[in-house]
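Work through the exercises below with the structure at hand. Each task is followed by a solution in steps.

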Amino acid sequence: MGSYMGFDMVPRLSEGLVHKQNWQKFLNAIKERYQNDDQVEVKPNYIAFKADPDLLLPFECHKFLRFGAMIPNEDSSGLRNYIDTVSRVAGVSFGSRGYCWNEGSGVLGFYAWDDVKRSIRSYEQFDEPEMPTTIAQLVLGTDPISELGLPLYKAQPVLGKGQGLVARFNIAKGQLIISEKPFFTTSKIASATTMEKQMAIELRKLSKNAQRQFLSLHNNFPGKQPFSGIVRTNALPCGSESPIGGVYPTISRINHSCLPNAHNSWNSESGYENIHAVRFISAGEEITIPYDHGGTSDERRRYLKDAFGFDCDCSICSRQPTELKQSDERRRQIQRLDAAIGDGLRVMYSPKDCLRDCRVLLQVLEEEYEGSHGAHLARLYYDAFQVSIVHGDQARAGVFAERSYRARAACEGEDNPETKRIRILMEDPKRHGSFGLSMKWKSLKDQVPRGLSAYGFEGWLWTGK
Ligand SMILES: [Zn+2]
């Protein structure tokens, strides 16, 4: 056994010229450093470190996610030295973007290994886009694709769903797909007639172009109240559980799935709704977000029909009965565990049980959402953080806060106020209001055990004291 370590590029570099030039300088420094080392070889598309087959630095910077490997206990090939040195050079070249991690010290990598392996496989195909120098100069230092006015998505008809948003390019997990301000926000008003009048007032304030965009949105409730019908079909809550909803020119066209590939979040500071990819999305694939509040397929479908006026036939709801039953059982278990973990008395008097439930929930979520469960993870790790900090355990709380921060940053952005709040707690867990209500698990932040295997570390983390 040993433990994994390395560094990730967070966020990943773009194909813009400044990033390319910085990457080239970084590669030159690495080549110079190892020019007399026959264990480091320059191949046609990457620099290879023979100590481990995954230890590669591609020439195309936008493909790079991770430089890391498992360091065996008997490190005869000097693997740790290579990773240390390359990580340090990356730190000089890219600052905090070179995210160093070491599982033995409880700091996990940012990307999932599946995504890393996929990126490594792509090193072999050199797919540098042909771009005239003049255009490349125009877009100096930025992502040429977005600068040329091509968004990552396009609106087009989707089979059985009217309009939808489809990925124009491959989209990496954690990437911001679209950020948009609402036409207007609206709160739930009791009478439909009052709402219709209110909407007419709001609409009049918009430009002619915005009015046209609004009226072109789908309406699942045709009838005497067309404006409120459009709002009902298209509004997204501004933050989970918020009574305020927003209607958007583009985001409102994103369809629902019970197994979505993207996550929507409201940034209350900027007043923008943001959509991030929660897994790798292939070019041509429909972009989807969740409109539902959980529960079994029947419960979700009933809610979606009632609130938004459509019948869900997503990849889960259209499964065969046996498979659907398994999914329903997991969804029920998720609800049960959520409720148990959120019980304040249990957090106080049975913290070990709460942590155990968090760990079980983690497994169930992974199984049900097939790895695209970032938003759930952020909440789950935050719950585990709270269990630890209430009992004065800063060591575990720090690890959980960091995992929660990383999950949230990937699906809601680093500039989201909630992400920023968790970052502060990650750096200093005792700033949480409930710190030390009990001190029965008292520990300091730096009392995270070192030198454990990944398995041993998880054992320590989830057991509590
Ligand atoms: Zn569904």
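**Exercise 1. Contact range and overall dimensions**

Task: State what share of the contacts with a separation of 6 or more joins residues 24 or more positions apart, and compare the radius of gyration with that of a compact globule.

Solution. The model is a predicted one.
- Step 1. Contacts here are C-beta pairs within 7 Å. Of those with a separation of 6 or more, 68% join residues 24 or more positions apart.
- Step 2. A compact globule of 465 residues would have a radius of gyration near 23 Å; the protein has 24 Å, so the two agree.
- Step 3. The C-alpha trace spans about 80 × 65 × 45 Å along its principal axes.
- Step 4. Buried residues make up 36% of the 465.
- Step 5. The secondary structure comprises 16 helices and 16 strands.

**Exercise 2. A three-stranded sheet**

Task: For the open sheet of 3 strands, give the strand order and the pairing, and explain why one side of each edge strand lacks a neighbour.

Solution.
- Step 1. The order is E2-E3-E4, and the pairing is antiparallel.
- Step 2. Strands E2 (40-42) and E4 (56-58) stand at the edges; each has a single partner strand, so one side of each has no neighbour in the sheet.
- Step 3. On average, neighbouring strands of this sheet are turned by 10 degrees against each other, direction ignored.
- Step 4. E2 and E3 (residues 46-49) run antiparallel and are joined by 3 bridges. On the residue level, Glu41 has Ala48 in E3 as its bridge partner.
- Step 5. Helix H1 (residues 17-33) packs on the sheet and touches E2, E3 and E4. The directions of H1 and E3 make an angle of about 40 degrees.

**Exercise 3. The contact between domain 2 and domain 3**

Task: Locate the domains, then describe the side of domain 2 that touches domain 3 by its elements and by residue class.

Solution.
- Step 1. The domain assignment gives domain 1 (3-124), domain 2 (150-308) and domain 3 (321-462).
- Step 2. Taken over C-alpha atoms, the centres of domain 2 and domain 3 are separated by 29 Å.
- Step 3. In the contact between them, 18 residues of domain 2 meet 19 residues of domain 3.
- Step 4. On the domain 2 side, the elements giving two or more residues are strand E14 (262-267) and strand E15 (272-277). E14 gives the most, with 3 residues.
- Step 5. Sorted by class, this side of domain 2 has 12 polar, 3 nonpolar and 3 charged residues.

Terms used. Residues are numbered from 1 along each chain as its sequence is written. This is a predicted model: local features need pLDDT of at least 70, side-chain atom pairs count only at pLDDT 80 or more; totals for chains, interfaces and linings use all residues. Helices (H or I, at least four residues) and strands (E, at least two) are DSSP runs, numbered from the N terminus. The radius of gyration is taken over C-alpha atoms; the globule rule is 2.2 Å times the number of residues to the power 0.38. A residue is buried if 20 or more other C-beta atoms lie within 10 Å of its own, exposed if 12 or fewer, and partly exposed in between; C-beta atoms are placed from the backbone. Two residues are in contact if their C-beta atoms, placed from the backbone, lie within 7 Å. Two strands pair if DSSP finds at least two bridges between them. Axes are lines fitted to C-alpha atoms, for helices over the stretch in contact, and angles run from 0 to 180 degrees between N-to-C directions. Domain bounds come from an automatic or database domain assignment. Ala, Val, Leu, Ile, Met, Phe, Trp, Tyr, Cys and Pro count as nonpolar, Asp, Glu, Lys and Arg as charged, and the others, Gly among them, as polar.
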